[in-house]
Amino acid sequence: MVEVMIIRAEKEIGLGCCGGICSDGFVEMKDEFAYLDEDRQRLGVLYRKLNDQYKSQLHITFLDPRNLLAIQHYFYKHVKQGNLSIIEALKNLLLRVKYYAVFINGHYAEEGLNDDYDTLIKEMMT
């Protein structure tokens, strides 16, 4: 199975980064990242395209870039499986984890190359 990780901002802040202060109503931040809606929609189109094309052959995860533990676990798992080197994992973790980054089995898919996603996925399925 091929694992895809897509980095995107959550719609709201207060999902654990501040200890729950924002989510308990002390600070109103419902639409803190509303300006990112258009890009979030674009990632939704990518998700639907990949899901329709590959169905159960893919596992797609959306992660907020502030969720560093889950992101580190993703790269650790792929280093352990031999999908990428520890140097490449560190490079991805330190330099490439940003809004709208897409990783396929730990490998960074270049931005703007939508056809590149299909190529990488097909290579990893064989």
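Buried means under 20% relative accessible area, exposed means over 50%, and partly exposed lies in between. The model used in these exercises is predicted.

**Exercise 1.** Classify Y100 and Y99 as buried, partly exposed or exposed.

*Solution.* 
- Step 1. Y100 has 13% relative accessibility, so Y100 counts as buried.
- Step 2. Y99 has 31% relative accessibility, so Y99 counts as partly exposed.

**Exercise 2.** Describe the ring pair of Y47 and F62, and say which elements hold the two residues.

*Solution.* 
- Step 1. A pair of aromatic rings is described by the distance of the centres and the angle of the planes.
- Step 2. The structure holds 5 aromatic pairs. For Y47 and F62, the ring centres are 5.7 Å apart and the planes stand at 50°, so this pair is tilted.
- Step 3. Y47 belongs to helix α1 (residues 37-54) and F62 to strand β2 (residues 58-63), so the pair ties together parts 15 residues apart in sequence.
- Step 4. Y47 is partly exposed at 30%. F62 is partly exposed at 26%.

**Exercise 3.** Find which charged ends sit over the rings of F62 and Y100.

*Solution.* 
- Step 1. Over the F62 ring sits the charged end of R8, 4.8 Å from the ring centre.
- Step 2. Over the Y100 ring sits the charged end of R42, 5.6 Å from the ring centre.

**Exercise 4.** Locate I87 and name the patch that includes this residue.

*Solution.* 
- Step 1. I87 is in helix α3 (residues 86-96).
- Step 2. Its relative accessibility is 61%, so I87 counts as exposed.

Terms used. Residues are numbered from 1 along each chain as its sequence is written. This is a predicted model: local features need pLDDT of at least 70, side-chain atom pairs count only at pLDDT 80 or more; totals for chains, interfaces and linings use all residues. Side-chain values use heavy atoms; hydrogens and water are left out. Patches are made of residues with over 30% relative accessible area and no salt bridge: like charges are joined within 9 Å, nonpolar side chains (Val, Leu, Ile, Met, Phe, Trp, Tyr) within 5 Å. Accessible areas come from the Shrake-Rupley method with a 1.4 Å probe; for residues, only the protein chains shown count as cover. A salt bridge is a side-chain nitrogen of Lys or Arg within 4 Å of a carboxyl oxygen of Asp or Glu. Helices (H or I, at least four residues) and strands (E, at least two) are DSSP runs, numbered from the N terminus. Buried means under 20% relative accessible area, exposed over 50%, partly exposed in between (1.4 Å probe, protein chains only). Rings of Phe, Tyr and Trp (its six-membered ring) pair if their centres lie within 6.5 Å; planes under 30 degrees apart count as stacked, over 60 as edge-to-face and the rest as tilted. A charge sits over a ring if NZ of Lys or CZ of Arg is within 6 Å of the ring centre and within 35 degrees of the ring normal.
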